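These are my notebook entries on a structure that was new to me. I set down in turn what I looked up.

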Amino acid sequence: MAIPVIDFSKLNGDERSKTLAQIANCCEDWGFFQLINHGISEDLLEKVKKVASECYKFEREGGFENSKPVNLLKELIEKKSDESLVESVDWEDVFLLSDDNHHEWPSKTPGFKETMKEYRAELKKLAIKVMEVMDENLGLPKGYINKAFNGGEVEEEEEENSAFFGTKVSHYPPCPRPDKVNGLRAHTDAGGVILLFQDDVVNGLQILKDGVWMDVQPMKNAIVINTGDQIEVLSNGKYKSVWHRVLALPEGNRRSIASFYNPSYKATIEPAKELLVLQAEKKLLQVAENSPAKYPKFVFGDYMSVYAEQKFLPKEPRFQAVKAV
């Protein structure tokens, strides 16, 4: 079984209804799907691969070789310890790109800043298109999810209320003992919509589907979409955030560029009222008297405070914890 692949260009043709239904099924039953013909040029994607790989080689590799996961694994091997796994670390080199930390972006790799700035701009447009498809499939007004993420504002007028768009650039180098360490521990994503540009060749990303871990197959220049915890809340559980992990591997240096469109820290997140009305009507309930809401109303910043402590733990208690904040 493979992760579903969606031809995003077919939304603009005679197969629009069929494609919308396919995406709805992916959001409801998978939480992960791959987009092809998504509108981002092959030339730009090839440049992204080039600068990301060069950045790791020239600016990051030396630091990883002296990093905490490498040193902890060396200790465990040298001690011939009975410990089965190096806990609390991931076999990952990672850094964040955002509009707020541009001065911290890698500066020694030719073309890195210019290429990643262009890529992020294109990917942000794609994120908004994907959210609009989710709006349509859920029966919500166009732009509903994006507006909720921007603190209820239609336009991003106030910086402090703006949705956050970040890009995590990761590499998972070859690991001498992949049985002793995680590439990235299993988790769900805290935010909204995640758009991943992963390695063409090296696998390692897995999702938990019906109790079984399965690979997210590498596919050249596809963009992998997955739904985060906030989409689960806004959809009142119709769309689910899905557990996923990355395996450490003995060969290959897996590239992973994950961008995430998240709510503003000040945004209030709750199940969409329009959805609750529809669900109540189906069950002949009065919303005010017997709300079908399955999730609490909370401020995203409060949720992130809980998530920071519980990222790798079961997600359901997070919603209960944030309810008590």
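**Charges over rings**

I first noted that the charged end of Lys 209 sits over the ring of Trp 30, at 4.6 Å from the ring centre. The model I consulted is a predicted one. I then looked up Arg 245, whose charged end lies over the ring of Trp 213, 4.1 Å from its centre.

**Aromatic pairs**

How many aromatic pairs does a search of the whole structure find? I recorded eleven. I examined Tyr 265 and Phe 300, which form an edge-to-face pair with 5.7 Å from centre to centre and 80 degrees between the planes. This pair links distant parts of the chain, 35 residues apart: Tyr 265 is in the loop between strands S11 (254-262) and S12 (268-269), while Phe 300 belongs to helix H8 (residues 300-310). Phe 300 is buried, as its relative accessible area is 1%.

**Helix H3**

I checked the length of helix H3 (residues 68-79): at 1.5 Å a residue, its twelve residues should span 16 Å, and its end C-alpha atoms are 16 Å apart, which agrees. Which residues of H3 are buried? I listed Pro 69, Val 70, Leu 73 and Leu 76. Seen down the axis of H3, these buried residues fall within an arc of 130 degrees, so they line one face of the helix. Helix H2 (42-65) is included in what covers them. On the face of H3 turned away from the buried side I found the exposed residues Lys 68, Glu 78 and Lys 79. Just after H3, Lys 80 adopts a positive phi of about 50 degrees.

Methods: Residues are numbered from 1 along each chain as its sequence is written. This is a predicted model: local features need pLDDT of at least 70, side-chain atom pairs count only at pLDDT 80 or more; totals for chains, interfaces and linings use all residues. Side-chain values use heavy atoms; hydrogens and water are left out. Helices (H or I, at least four residues) and strands (E, at least two) are DSSP runs, numbered from the N terminus. The expected span of a helix is 1.5 Å times one less than its number of residues. Buried means under 20% relative accessible area, exposed over 50%, partly exposed in between (1.4 Å probe, protein chains only). The arc is that of the directions from the helix axis to the C-beta atoms. Contact means heavy atoms within 4.5 Å. Rings of Phe, Tyr and Trp (its six-membered ring) pair if their centres lie within 6.5 Å; planes under 30 degrees apart count as stacked, over 60 as edge-to-face and the rest as tilted. A charge sits over a ring if NZ of Lys or CZ of Arg is within 6 Å of the ring centre and within 35 degrees of the ring normal.
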